[in-house]
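Hi,

Here is the structure I promised to pass on.

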Amino acid sequence: MNYKELSAQQLFAEYERVSAEYNSYKAKGLKLDISRGKPSEEQLDASLGLLSKQRTVADCKSADGFDCRNYGIAFGMPEMKAIFSDITGIPADNIIVGGNSSLNMMYDSLARAMIFGVYGSPRPWCREERIKFLCPAPGYDRHFAVTETLGFELIPVKMNADGPDMDEVEALVKDPEVKGIWCVPKYSNPTGITYSDEVVRRLAKMETGAPDFRIMWDNAYIIHDLTGESDQLLDIFKEAEKYGNEDRIFYFTSTSKITFPGAGVAMMGASKNNLDQIKPLISIQTIGPDKLNQLRHVEFLKDKEGVLSHMKLHAELLGKRFDILLNALKSGLGGLGIAEWNEPKGGYFVSLDTLPGCAKRAYTLAKEAGVTLTTVGATFPYGKDPEDKNLRLAPSYPSCEELALASEILVCVIKLATLEKMLNK
Ligand SMILES: Cc1ncc(COP(=O)(O)O)c(C=O)c1O
């Protein structure tokens, strides 16, 4: 059955049927949540080993004998840098290990740019008349919030199946007021896509009007595969180096979704020129991050192989949840012609587009039936989805039983919102 091919009478009959189904869900008084991409309790349990060790003084020392209980090593233990270097392909000398959050490092990087400028800036960014930032959308709400809070003008850019629309990006970056772009290049939040080689090359190579343009390369889902088949992402530093543009990359990732969100370890990767500007400023801001947490992570994860084998546990736990949601969408909405969604090979999200003008209504109907979805619009700059059609679905956190029920209700409210629209209700 395709809704667009039904007569008014058939649509009305379907509306009556779906409304009755909706009311039966509503009567259950449920409280379900598929709004935020948080690991489930089972995923967190997989990292409990991080906390289980009873320590002697000797256990507080790094490989070269440094006592991690004390001040010192402001930019990361060599062992922790080595793990990040192996995972990202960035030389350890170009890595700064930070605290518990890569988003914090992103915010600090842009706040520093406002106060001091970045390497190559003619002046601090706060002295510019206006700053614009490119926001491929749908994208990560917290990225957009950071640049909005700092007073930048957010410029939406269309997100394609292989990354941001590069024709649009190349045209926009000619404007010297455009100082940067947000990128989640692998298993993007929320569309799940990985940037193609061509998109990475064009980002690395493009001519920018601003001499101090920065690509905020947030590789949060770098090794977060759901299937045995991993998407391959081109190394942006290597590409940028070919054109002498390595200073334009600020690279970030963290162990938030490897070990514990909020209690993991984050890193930033940047060129020598950038680090020479940044490190003295960080040295004033902080005496250094939590090295005991770095030590725990090094002991627990060991090396890249250790990290990858740990990620297989996550893939198993997450994979079954993605299957539940995707199967429900396929069996409930497949062929109706009223929704499109992605089937990502990694990351934390499924991005679903309803027919234009139906997402907010579906959100409200879901809420009234006890299912919390990500606020509609959150995936767009200024919280405004111009077509009111994108829903970000996060299947990771609920139990499988809760997710199965939430997915059924989701299907029902998408149908109902669409039928209401089609019948002008
Ligand atoms: C794309 C992206 N970047 C960053 C983060 C947060 O990372 P962290 O915990 O390292 O601050 C998230 C969390 O959902 C995310 O989806």
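Let's start with helix H4, where the buried residues are Ser 102, Leu 103, Met 105, Met 106, Ser 109, Leu 110, Ala 111, Arg 112, Ala 113 and Met 114. Buried means under 20% relative accessible area, with a 1.4 Å probe and protein chains only. Helices are DSSP runs (H or I, at least four residues), numbered from the N terminus.

Before going on: this is a predicted model, in which local features need pLDDT of at least 70 and side-chain atom pairs pLDDT 80 or more, while totals for chains, interfaces and linings use all residues. Numbering runs from 1 along each chain as its sequence is written, and side-chain values use heavy atoms, without hydrogens and water.

Back to H4. After the helix comes Gly 117, with a positive phi near 80 degrees.

Now the ligand. Its surroundings include Ser 101, Ser 102 and Leu 103, along with Tyr 140, Asn 189 and Ser 256; a residue is included if one of its heavy atoms lies within 4 Å.

- Asp 218: an N or O atom of the side chain is 2.5 Å from a ligand nitrogen.
- Tyr 221: a polar side-chain atom is 2.6 Å from a ligand oxygen.
- Lys 257: a polar side-chain atom is 2.8 Å from a ligand oxygen.

The protein buries 88% of the 400 Å² that the ligand exposes when taken alone (Shrake-Rupley method, 1.4 Å probe).

Cheers

Terms used. A polar contact is a pair of N or O atoms within 3.5 Å; within protein, one must be able to donate a hydrogen and the other to accept it, and residues adjacent in sequence count only if both atoms are side-chain atoms. Buried means under 20% relative accessible area, exposed over 50%, partly exposed in between (1.4 Å probe, protein chains only). Helices (H or I, at least four residues) and strands (E, at least two) are DSSP runs, numbered from the N terminus.
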